[in-house]
Amino acid sequence: MKKYLNLLVIIPAMMLCSCASIVSKSDYPVTIRSSSPKEITVKNKSTNSTIYSGTTPTTLTLSASTGYFQSAKYDISYTGGMQSLNAQMDPWYVGNLVFGGLIGILFVDPATGAMWMLPDEVHLND
């Protein structure tokens, strides 16, 4: 009987977990580099707001999500060009198939933004 009681506690607790929200994060430090210092402007595409104006190299903390089930997209403008930075699906999000269940897939990870990830570094094309 005690064995079944433990299962009644453990299984619902596991179903309330979400893999990416536990193991990953929703804001990432992203270092922007170039072969020589460049003046850059980083804009959030969804809000068209400027996040940063300055020179490279720099490290910015950027959100990987812009809303429920929406990945973040940024434009990095610099002299001689522009480069996009788009969040990708976090591999830990797939862990919900094993650990988090539907609650993690449909609610927790999309709401926290942890289903998306950004790279550690961006190197601007010359």
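User: What makes β2 and strand β7 (residues 73–78) count as paired, and in which sense do they run?

Analyst: Two strands are called paired if DSSP finds at least two bridges between them; β2 and β7 have five bridges in the antiparallel sense, so they meet that definition. Within this pair, Ile40 stands opposite Tyr78 in β7. This is a predicted model, in which local features need pLDDT of at least 70 and side-chain atom pairs count only at pLDDT 80 or more, while totals for chains, interfaces and linings use all residues. Residues are numbered from 1 along each chain as its sequence is written, and side-chain values use heavy atoms, with hydrogens and water left out.

User: How do you know that strand β2 (residues 39–44) also pairs with strand β3 (residues 49–55)?

Analyst: Six antiparallel bridges join β2 and β3, against the at least two that the definition asks for, and Val42 stands opposite Tyr52 in β3. Four residues lie between the strands of this hairpin, where Asn48 takes a positive phi near 55°.

User: Why are β3 and β8 (81–86) said to stand at the edges?

Analyst: The open sheet has the order β3-β2-β7-β8, with antiparallel pairing. β3 and β8 each have a single partner strand, so one side of each is left without a neighbour in the sheet. The twist from one strand to the next averages 20°, with axes being lines fitted to C-alpha atoms, for helices over the stretch in contact, and angles running from 0 to 180 degrees between N-to-C directions.

User: What share of the 126 residues in the chain is called buried?

Analyst: Buried means under 20% relative accessible area (1.4 Å probe, protein chains only), and 36% of the 126 residues are buried.

Methods
Helices (H or I, at least four residues) and strands (E, at least two) are DSSP runs, numbered from the N terminus. Buried means under 20% relative accessible area, exposed over 50%, partly exposed in between (1.4 Å probe, protein chains only).
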